[in-house]
Amino acid sequence: MSSKNNLSDKIKIAWQYIMPKHAISRLVGKFAAAKMGWLTTKLISLFIKAYGINMNEAKLKNASDFDTFNNFFTRELADGARPIDDDNNSICYPVDGAISQQGDIVDGQLIQAKGFNYSLTSLLGGDAATAAPFQGGKFSCIYLAPKDYHRIHMPMAGTLREMIYVPGELFSVNPLTAQNVPDLFARNERVVAIFDTEYGELAMVLVGATIVASIETTWAGVITPPAGKDIFRWQYPKEGSKAITFEKGDEMGRFKLGSTVVSTFAPNMLSEFAANAGPGTVTRLGEVYASLDKSAK
């Protein structure tokens, strides 16, 4: 890397520490939610061209079909665009994106980037009891770029047990920031969803980022904004008519603008990740990601 590029990267990181990230993100959120007629259509058209988005995969295919930028950004895929793997002994990718890191949770730590680890307990909201079922398990971190489909789906069937809102910063979550800001995913604002599955416990962590205007879940709607200063927890029944259950591939949440999903799995739940999966691998919702260990049932 040239000294000029290195200096540029340092400036980009330093600026993130001092910029009013929440204020900027909320302002962008208001803009993205505004109905501005022809201007909205023009901006969406420019975005599609700039990022090379394949609108043939979308249910609505024209820029003019969307009355706000948010509706375009969280666009629904066309039927059949992402077939969901039907093998009950595997998990599928929960999003379109790229793998940042994956592997074992060792001594309560997850890998963020070379030279940077972060705490499982901190990631899940700071409570050791919440993190305990995942100690010694595995994790996966997938980054969603601006061009990607931004709905999040279940990698396997499960029943929602708890949701946790964790306040925090709104650093960018792009690869440059992940390589330079310690504890990135455990310091940004996030929503944690914990599920019981046939194979063990699963946590899906939806991490906020700069200009991410909103994090939503399918069962509770918009969780943030507004941002808070306190951790909030919601518990859900495991059984009965009010239990919230999902099949593999069901939508469970969405980002308005891009971010990252971190999944954590209980010990012995996964036997192995797919041979072609590793940092940098492009992911497509529904494709096989890892094998489940039948002995974990």
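A residue is called buried when its relative accessible area is under 20%, exposed when that area is over 50%, and partly exposed when it lies in between. In the predicted model described here, Tyr-17 has a relative accessible area of 41%, and it is therefore classed as partly exposed. Tyr-17 belongs to helix H1, which covers residues 3–18, and together with Trp-15 and Ile-18 it makes a nonpolar surface patch of about 370 Å².

The buried residues of H2 are Lys-21, Ser-25, Arg-26, Gly-29 and Ala-32. These residues cover an arc of only 120° around the axis, and therefore they are placed on the same side of H2. The face turned away from this buried side carries Leu-27 and Lys-30, both of which are exposed.

Salt bridges were considered next. In general, side chains of opposite charge can pair when their charged atoms come close. With a side-chain nitrogen of Lys or Arg required to lie within 4 Å of a carboxyl oxygen of Asp or Glu, the count comes to 13 salt bridges. One of these joins the side chains of Glu-76 and Lys-59, with an N to O distance of 3.8 Å. This pair links distant parts of the chain, since Glu-76 lies in the loop between helix H4 (69–73) and strand S1 (90–92), whereas Lys-59 lies in the loop between H3 and H4, 17 residues apart. Glu-76 counts as partly exposed because its relative accessibility is 36%, and Lys-59 likewise counts as partly exposed, at 47%.

A further salt bridge is formed by Glu-251 with Arg-151, whose closest N and O atoms are 3.3 Å apart. Glu-251 lies in strand S14 and Arg-151 in strand S6 (residues 151–153), so the pair ties together parts that are 100 residues apart in sequence. Arg-151, at 12% relative accessibility, counts as buried. In another pair, the side chains of Glu-201 and Arg-161 meet in a salt bridge with an N to O distance of 2.3 Å. Here Glu-201 lies in strand S9 (residues 200–207) and Arg-161 in strand S7 (residues 158–166), so that parts 40 residues apart in sequence are tied together. Both Glu-201 and Arg-161 are buried.

Most residues other than glycine have a negative phi. Asp-107, although it is not a glycine, has a positive phi of about 55°. This residue is placed in the loop between strand S2 (97–104) and strand S3 (109–113), and it counts as exposed because its relative accessibility is 73%. Asp-183 is another residue other than glycine with a positive phi, near 55°. Asp-183 is found in the loop between helix H7 (175–178) and helix H8 (184–187), and, at 36% relative accessibility, it counts as partly exposed.

Asp-67 is placed in the loop between H3 and H4, and its relative accessibility of 35% makes it partly exposed. Its C-alpha atom is separated by 36 Å from that of Ser-241, which is 174 residues away along the chain. Finally, an unreviewed UniProt entry places the feature "modified residue: Pyruvic acid (Ser)" at Ser-259. Ser-259 lies in the loop between strand S14 (251–256) and strand S15 (260–265), and, because its relative accessible area is 0%, Ser-259 is classed as buried.

How values were computed
Residues are numbered from 1 along each chain as its sequence is written. This is a predicted model: local features need pLDDT of at least 70, side-chain atom pairs count only at pLDDT 80 or more; totals for chains, interfaces and linings use all residues. Side-chain values use heavy atoms; hydrogens and water are left out. Patches are made of residues with over 30% relative accessible area and no salt bridge: like charges are joined within 9 Å, nonpolar side chains (Val, Leu, Ile, Met, Phe, Trp, Tyr) within 5 Å. Accessible areas come from the Shrake-Rupley method with a 1.4 Å probe; for residues, only the protein chains shown count as cover. Helices (H or I, at least four residues) and strands (E, at least two) are DSSP runs, numbered from the N terminus. Buried means under 20% relative accessible area, exposed over 50%, partly exposed in between (1.4 Å probe, protein chains only). UniProt positions are given in the numbering used here, feature names are shortened, and annotations may be inferred rather than shown by experiment. The arc is that of the directions from the helix axis to the C-beta atoms.
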